[in-house]
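Thank you all for coming. Please take a moment to look at the sequence and the structure before I go through a few of the residues.

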Amino acid sequence: MPKIKTNRAAAKRFKKTGTGKVKRACAFTSHILTSKTRKRKRNLRHGGTVAAVDQKNICALIPYL
């Protein structure tokens, strides 16, 4: 069996946790920040985990991470 290539775009966006879940960062943090409140920007710093329905597809993109 040949090795599976890692999707480099996905590898830059997602990381796996020790239990196998996939971590992600929040969107809407890169520009037009003046119109967003201080509280909203502060809460966007904290990432989250990928939804269960997307987990299988993303794990296929990053098999060795």
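This is a predicted model: local features need pLDDT of at least 70, side-chain atom pairs count only at pLDDT 80 or more; totals for chains, interfaces and linings use all residues.

Leaving aside residues up to four places away in sequence, alanine 11 touches Thr6, Ile62 and Leu65, where contact means heavy atoms within 4.5 Å. Residues are numbered from 1 along each chain as its sequence is written, and side-chain values use heavy atoms, with hydrogens and water left out.

Alanine 11 is found in helix α1, residues 8–13; helices (H or I, at least four residues) and strands (E, at least two) are DSSP runs, numbered from the N terminus. Between the C-alpha atoms of alanine 11 and proline 63, which are 52 residues apart along the chain, the separation is 9.6 Å.

Is alanine 11 buried or exposed? With a relative accessible area of 7%, alanine 11 is buried, because buried means under 20% relative accessible area, exposed over 50%, and partly exposed in between, using a 1.4 Å probe and protein chains only.

Let me turn now to the backbone. Most residues other than glycine have a negative phi. Phenylalanine 28, however, has a positive phi, near 65°, and isoleucine 32, which is not a glycine, has a positive phi of about 55°. Phenylalanine 28 lies in the loop between β2 (22–24) and α2 (38–44), and isoleucine 32 is also found in the loop between β2 and α2. Phenylalanine 28 is exposed, at 61% relative accessible area, and isoleucine 32 counts as exposed at 56%.
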